[in-house]
Amino acid sequence: MAAQVAARPRIAVLASGRGTNLQALIDAVAAGALAADLAGVFSDRATARALDRARAAGLPAAALDPRAHASRLDFDEALFAAVADAGADLVVCAGYLRLLSAPVVEAWEGRILNIHPSLLPAFKGLRTHQRALDAGVAEHGASVHYVTPDLDGGPVIAQARVPVAPGDDAATLGARVLEREHALLVAALQLVATGRARLQGDAVFVDGAALAAPLQLGAGGGLA
Ligand code: GRF
């Protein structure tokens, strides 16, 4: 049985890069659209723009250097010790580019989520926009899912779908997906933060019922 998420959880965000999803969370908390507080932002890259966004918002921001640790597990234990020290009870990977080791993921089961730029289970891993184009799909998108030791394979809470347009390249398609990611991440996290969504075994439960398929982000920003 997965651990319960606290009421009005304190969220730690893991980010390696530009941090637009982080910014969406910062803005949503400030606007009262997300019933949570941000405990801090943690990165494996000292130069991540996400850290600047965190500092600008007055949040604790820290980078840990993977090269200063003997192993992946060693690094992850240090990272999650910092996350716990910040008082976080929920972790969100938002553009966090390092694999997480299984013991750490298992310790946070049900309390760690990721946003991935594809309609999972399609296109796990990297370069998802180019791979979607190469595969000739008509529809692409993003997914918010619970993190399990199976990379990009954890139970999906919600997805945002976008059409692939004629003439798209990875940049134009990626930009169209990213725009929807921000609303998707906030909406999915709001379900988790308010206790409406939770992981139980391998299933996502929303309002007490197991989801047969991921919720979908509507045009108005709601999940159905
Ligand atoms: C997003 O596309 C997210 O889905 C993926 O990495 C990207 C991060 O973008 N995991 P940003 O750093 O939030 O702008």
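A polar side-chain atom of Glu181 lies 2.7 Å from an oxygen atom of the ligand, a polar contact being a pair of N or O atoms within 3.5 Å. The side chain of Thr20 also takes part, with an N or O atom 2.6 Å from a ligand oxygen, while a backbone N or O atom of Ile115 is 2.9 Å from a ligand nitrogen. On its own the ligand has 360 Å² of accessible area, of which the protein covers 86% (Shrake-Rupley method, 1.4 Å probe). The residues around the ligand, each with a heavy atom within 4 Å of it, include Arg18, Gly19, Asn21, Gly95, His116 and Pro117.

The model is predicted: local features need pLDDT of at least 70 and side-chain atom pairs pLDDT 80 or more, whereas totals for chains, interfaces and linings use all residues. Residues are numbered from 1 along each chain as its sequence is written, and side-chain values use heavy atoms, without hydrogens and water.

The largest nonpolar core has 49 residues, and Ile11, Leu25, Leu34 and Leu189 have the most contacts inside it. Such a core is a set of buried Ala, Val, Leu, Ile, Met, Phe, Trp, Tyr and Cys residues joined through side-chain atoms within 4.5 Å, where buried means under 20% relative accessible area (1.4 Å probe, protein chains only). Helix α6 (residues 170–193) gives the most to this core, with 11 residues; helices are DSSP runs of H or I with at least four residues, numbered from the N terminus. Another core, of 20 residues, lies apart from it, with Leu64, Val91, Trp108 and Ile112 among its members.

Conventions: Buried < 20%, exposed > 50% of the residue type's maximum accessible area, 1.4 Å probe, protein only. Helix = DSSP H or I, 4+ residues; strand = E, 2+ residues; numbered from the N terminus. Polar contact = N/O pair within 3.5 Å; in protein donor to acceptor, adjacent residues only side chain to side chain.
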